[in-house]
Amino acid sequence: MTSNPSMKAAVIYEKGGPSQLKLETRPIPTPQKGWVLIRVKAFGLNRSELFTRQGASPNVHFPRILGIEAAGVVEDAPGNEFEKGQIVATAMGGMGRDFDGGYAEYTCVPAGQVQALKTSLPWEVIGAMPEMLQTAYGSLFTTLRLEKGDVLLVRGGTTSVGLAAAAIAKKHGARVVSTTRNPKRAQLLKDHGAERVFVDSGEVAKEVRKAYPEGVNKVLELVGTSSILDSLQCLGMHGICCMTGIVGNKWHLEHFNPMEGIPTGVYLGTYAGGPDDFMNTPLQELVDQIAEGSLKINIGKTFKLDEIVEAHTVLEQNTAGGKIVVLP
């Protein structure tokens, strides 16, 4: 399998700040039949991992190697589902939650949640893709049922998922409008497909309705419950709002009255994404589009595994300006 029986990993023993992530030497996992051992070349950071680190995932038991995604090469697949050396990506399915995840030099995952890829893109790009593209694609086409000509509002547009969703939607033939709290990021949003940018003060419905009197068709809500009621007011008849993200760090709606909060003829849904959703994402197709330059994704910052504490600090501060990728 490998001449080196041990690997470097970031392990968490108790909830808290970024410094709770401890670098350790761990034995390289031994895959059982039906599982795949992946030599991790890159992995993206996700807010769900931040919440887990803070103790907001009660079903996750420590110690744990976090990380709900990874990209790398196959080291061993006892069931022969993959060949050694194949480029692969994996996400979800209990990674970093029910079993150890991607914050390591090697990770071992079920073969049924691994996609093989043919690409010569650099690892920081491949590592940025699995969870980000799965979430963006699934939100747009599973919950929002995005169609050509739709006007899509991306609430929380400068998040990595927001930028990816805007780019995918624009390529699909939708018109994209995005929000940001920082006017200086307007050009970034336009570069990723937004035809219009609204500066988000917490309420944008009046401005959106002024620009689009009949309302927008679809809303991708990435800020969360702190803005979702306002987002619902942006929608026209038969419009759909999909809540996917919680970058506003507020989980619940207090004193929610659906009859007042949800306009007539408007639909509210969610997208969480699981291993089946990841496997149904046309990752190779999206990879090819990125390689040819017809789909743009934004990588914020890259770090080494040794810098995982610093990487999580940047994630917590929302200062990356795109997807954070770690290269072990």
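Trainee: Which residues are linked with E24 in a network of salt bridges?
Mentor: This is a predicted model, in which local features need pLDDT of at least 70, side-chain atom pairs count only at pLDDT 80 or more, and totals for chains, interfaces and linings use all residues. Residues are numbered from 1 along each chain as its sequence is written, and side-chain values use heavy atoms, with hydrogens and water left out. A salt bridge is a side-chain nitrogen of Lys or Arg within 4 Å of a carboxyl oxygen of Asp or Glu, and the network joins E24 with R26, R64 and D100.

Trainee: What is the N to O distance in the salt bridge of R53 and E316?
Mentor: R53 belongs to helix 1 and E316 to helix 11, 263 residues apart, where helices are DSSP runs of H or I with at least four residues and strands are runs of E with at least two, numbered from the N terminus. R53 is buried at 1% relative accessibility, while E316 is partly exposed at 34%; buried means under 20% relative accessible area, exposed over 50% and partly exposed in between, with a 1.4 Å probe and protein chains only. Their side chains meet, N to O, at 2.2 Å.

Trainee: Which residue forms a salt bridge with D200?
Mentor: D200 lies in the loop between strand 11 (194–199) and helix 6 (205–211), and its partner in strand 9, so the pair ties together parts 45 residues apart in sequence. D200 and this partner are both buried, and the side chain that D200 meets, at 2.6 Å from N to O, is that of R155.
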